[in-house]
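Keep the structure open while you read.

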Amino acid sequence: MKHNIAIIGLGVIYRQHIQALQRLSNIFQLTAICDINDTQLAEGHKLAETQLQTDNIAAYTDIRQCLQSRKADTILIATPPHTHYQLAQQTLSAGYNTIIEKPAVLHTPQLQQLYNIAEEHNVTLHIAFHAAYAADLIWYNTHRQETEQNYNLGKLRQITCQFYDPYVNNGILDKGRETLGGSYIDSTVNELSVVDTITPLDTYTVSQRHETQNNDGITISSQLQLHSTTDKPNVSLITDWTKGINKKTTTLTYDNGATILLDHSRQTITLHDNTTVHLLYDNHDAPRLPTQYANLLTDYHQQLATHQTNQRQAIAVHQLLLESKHQK
């Protein structure tokens with residue numbers, strides 16, 4: 001079954017959505033787009049029709065008209081985080097399956113409210129944790145057991161994520177990035193979703209949190225330490241927009257001292273054992289973000305077919321992210 005999809009919000013990540021839909025033309029068809037900015041809408045419309053080789057994409061500046069058109073069965077909300085909750089209330093109440101870019105909400109109770117609306121209207125709510133669909137991460141989770149056995153790694157003891165984006169120069173945030181909500185809201189949520197695929201976050205609590213803000217009060221770097229109430233690895237999450245680099249990694253430290261480095265930017269996996277480095281996986285020739293979004297949409301399609309959602313993961317991630325954020 002092919003799904004008709006509409007995208008609301010044609011900002012920074014929109015191009016990645018289009019490239020992912022290009023790959024999945026056998027299961028998804030973009031039928032509508034919506035943005036309140038006329039110029040952005042026109043440019044996004046031209047890009048979509050060119051890339052997807054179609055002239056059947058409707059364009060709207062008013063979400064109400066978009067929803068009334070019934071041109072899609074799935075709505076993808078890709079607007080700034082502070083708008084997600086209100087828009088999702090509208091799409092779900094109108095009877096649309098809805099995908100929301102991370103984070104879905106900025107206050108924890110709002111997420112359960114959205115799931116309640118989805119259940120009331122018999123539709124699906126899916127949160128777009130794109131980092132959790134990195135090709136290297138999927139390979140590691142698929143081959144984890146055999147890798148740990150083959151290299152006699154022992155128990156996983158520490159998970160350290162370091163996510164860097166080059167969005168701040170001399171303390172000044174790049175134009176257009178202010179809508180992301182800062183490095184903690186925009187980047188730490190990605191790290192949490194990555195960790196949750198390795199070890200579910202349900203038993204974790206925040207043991208320490210620190211952040212640095214610029215002169216405008218926007219978080220530009222942060223550190224979050226997690227501890228589990230059960231015998232699970234400790235977790236350190238580091239985000240920074242000031243280093244001038246675009247690099248995302250997850251380092252896994254094992255009992256025997258060996259480490260596995262998941263380089264999400266290069267889409268490679270290396271195992272460091274004493275003085276030897278083993279290349280376990282290499283997908284660096286593939287574009288990172290379109291690959292992640294294609295994997296995400298493929299999983300969404302499969303979950304629709306089996307009447308599943310990523311609700312457990314969404315609640316665990318948002319609770320740690322937002323309850324820590326609002327701690328005084």
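In this predicted model, Q158 has T253 of β13 as its bridge partner. The strands involved are β7 (residues 156-164) and β13 (residues 247-254), which pair in the antiparallel sense over 8 bridges. They belong to an open sheet of 8 strands with mixed pairing.

**The mixed sheet**

- The strand order is β10-β11-β12-β7-β13-β14-β15-β16.
- The edges are β10 (204-213) and β16 (276-282). Each has a single partner strand, so one side of each has no neighbour in the sheet.
- On average, neighbouring strands here are turned by 15° against each other, direction ignored.
- Helix α6 (residues 135-150) lies across β7, β13, β14 (259-263), β15 (268-273) and β16. The helix runs at about 160° to β14.

**The parallel sheet**

- Strand β1 (residues 3-8) pairs with β4 in the parallel sense, over 4 bridges. I8 has I77 of β4 as its bridge partner.

**Strand β5: buried or exposed?**

- Strand β5 (residues 97-101) is mostly covered, with 5 of its 5 residues buried.
- In a regular strand, side chains alternate between the two faces of the sheet.
- In β5, N97, I99 and E101 point one way. T98 and I100 point the other way. All of these residues are buried.

**Helices α4 and α5**

- Two packed helices are described by the angle between their axes and the distance between the axes.
- Helix α4 (residues 84-93) packs with helix α5 (residues 108-120) at an angle of about 10°, and their axes are 9 Å apart. The pair is therefore roughly parallel.
- From α4, the contact uses Y85, A88, Q89, L92 and S93. From α5, it uses Q110, Q113, L114, I117 and A118.
- By class, the contact of α4 with α5 has 6 nonpolar and 4 polar residues, and no charged residues.

**Helix α1 and its surroundings**

- Which residues of α1 are buried? They are Y14, Q16, H17, I18, A20 and L21.
- What do the buried residues of α1 pack against? Their partners are the strands β1, β2 (28-34), β4 and β5, together with the helices α2 and α8.

**Helices α1 and α2**

- The axes of α1 and helix α2 (residues 38-52) come within 10 Å and cross at roughly 20°. That angle makes α1 roughly parallel to α2.
- The crossing of α1 and α2 is right-handed.
- On the α1 side, Y14, R15, I18, L21 and Q22 take part. They meet G44, H45, L47, A48, Q51 and L52 in α2.
- By class, the contact of α1 with α2 divides into 6 nonpolar, 4 polar and 1 charged residues.

**Helices α1 and α8**

- Helix α1 (residues 14-23) and helix α8 (residues 288-305) pack at an angle of about 60°, and their axes are 8 Å apart. The two helices are therefore oblique to each other.
- The crossing of α1 and α8 is right-handed.
- Q16, H17, Q19, A20, L21 and R23 form the α1 side of this contact. The α8 side consists of L289, P290, T291, Y293, A294 and L297.
- By class, the contact of α1 with α8 has 7 nonpolar, 4 polar and 1 charged residues.
- L21 of α1 takes part in the contact with α2 and in the contact with α8.

How values were computed:
Residues are numbered from 1 along each chain as its sequence is written. This is a predicted model: local features need pLDDT of at least 70, side-chain atom pairs count only at pLDDT 80 or more; totals for chains, interfaces and linings use all residues. Side-chain values use heavy atoms; hydrogens and water are left out. Two strands pair if DSSP finds at least two bridges between them. Axes are lines fitted to C-alpha atoms, for helices over the stretch in contact, and angles run from 0 to 180 degrees between N-to-C directions. Contact means heavy atoms within 4.5 Å. Angles under 35 degrees count as roughly parallel, over 145 as roughly antiparallel, 65 to 115 as roughly perpendicular and the rest as oblique. A crossing is left-handed if the near helix is turned anticlockwise from the far one by less than a right angle, and right-handed if clockwise. Ala, Val, Leu, Ile, Met, Phe, Trp, Tyr, Cys and Pro count as nonpolar, Asp, Glu, Lys and Arg as charged, and the others, Gly among them, as polar. Buried means under 20% relative accessible area, exposed over 50%, partly exposed in between (1.4 Å probe, protein chains only).
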